[in-house]
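Hi there,

Here is the structure I promised to pass on to you. Have a look at it first, and then read my notes below.

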Amino acid sequence: MANYLVEDTRKVTTHRCIEMKQQGKKIAMLTAYDYTMARIIDRAGIDIILVGDSASNVMAGNFTTLPITVDQMIYHAKSVVRAVNRALVVCDMPFGSYQVSATEAVTNAIRIMKETHCDALKLEGGEEIIDAVKRILAAGIPVCGHLGLTPQSINKFGTYAVRAREQAEADKLVADALLLQEAGCFAIVLEKIPAVLCARVCSQLSIPVIGIGGGPADGQVLVGQDMLGINDGFKPKFLRHYANLAETIADAVSQYVSDVKSGDFPNANECY
Ligand code: KIV
């Protein structure tokens, strides 16, 4: 077993996530898309690793999350699962894999679970996709909901501004959250909504609410590359940088370039 930076090294399960809410313990969640990063953040004590469809932006350089495919999500999730002992691994169902019909949704969900060995799936949306959510849950697959600024709907929204400031959208969000809980979801991600609305949902639900740009909640999620300062051009209000790895990496690479060019690397101790 790897050396962990947390005392409780038991595997995190969906059941334990709900227990954590009941016990008032906060849930820390980050994205990862590859083996090396997943191994580091699992050892550092992260509770949930999200293999987010943000891999489309972060890993592939796409402008939105829409282009990523089921095959590509499976590749990323398999790489992450191989590295993880403790964290719960949740994989995003990509755009187009669950919206057409509940039957297609459950077929794709089963494929992702079988091929990746991840622990749970995340889907964006409420009432519009509830049949798909119910079919996936009926197959025994844990589901995490995702409401608010759901990036797969960015073309419908037409803006990355805060969602649900208007009463009607806020009321629908609360109704959707209750619907997802009633269907059997084990958690819900709320993205970029007013903090008062997030607090209202947290108090009405018995399952954990994980916020990103929603203020205090039962847990928080960030994109790993964003909080580590690797994606240094992105600085929304809700993001806290815990490192400036873009600068650290650039400094290291520039030193390496200079050492190679000057002949300083490799030295006598670095040769066979
Ligand atoms: O794909 C992702 O990174 C996400 C988070 C923003 C919650 O869904």
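Let's begin with His 117, which lies in the loop between helix H5 (102-116) and strand E4 (120-122). Helices (H or I, at least four residues) and strands (E, at least two) are DSSP runs, numbered from the N terminus. Although His 117 is not a glycine, its phi is positive, about 65 degrees. Further on, in the segment after helix H11 (245-262), you will find Pro 266. Phe 265 and Pro 266 are joined by a cis peptide bond, with omega about 0 degrees. For background, most residues other than glycine have a negative phi, and most peptide bonds are trans.

A word on how to read all this: the model is predicted, so local features need pLDDT of at least 70 and side-chain atom pairs pLDDT 80 or more, while totals for chains, interfaces and linings use all residues. Residues are numbered from 1 along each chain as its sequence is written, and side-chain values use heavy atoms, with hydrogens and water left out.

Now to the ligand. The residues around it (a heavy atom within 4 Å) include Thr 31, Leu 50, His 146 and Ile 212. By class, this shell has four nonpolar, four polar and four charged residues. Here Ala, Val, Leu, Ile, Met, Phe, Trp, Tyr, Cys and Pro count as nonpolar, Asp, Glu, Lys and Arg as charged, and the others, Gly among them, as polar.

Which side chains have an N or O atom close to a ligand oxygen, as polar contacts (N or O pairs within 3.5 Å)? For Lys 122 the distance is 2.9 Å, for Asp 53 it is 3.0 Å, and for Asp 92 it is 3.1 Å. The protein covers 96% of the 260 Å² of accessible area that the ligand has on its own (Shrake-Rupley method, 1.4 Å probe).

The residues of the lining of the largest pocket divide into 15 nonpolar, nine polar and seven charged. On a 1 Å grid over the protein atoms alone, a pocket is an open set of points where a 1.4 Å probe fits, with protein on both sides within 12 Å along at least five of seven lines; lining residues have an atom within 4 Å of a point.

Happy exploring!

Technical notes:
A polar contact is a pair of N or O atoms within 3.5 Å; within protein, one must be able to donate a hydrogen and the other to accept it, and residues adjacent in sequence count only if both atoms are side-chain atoms.
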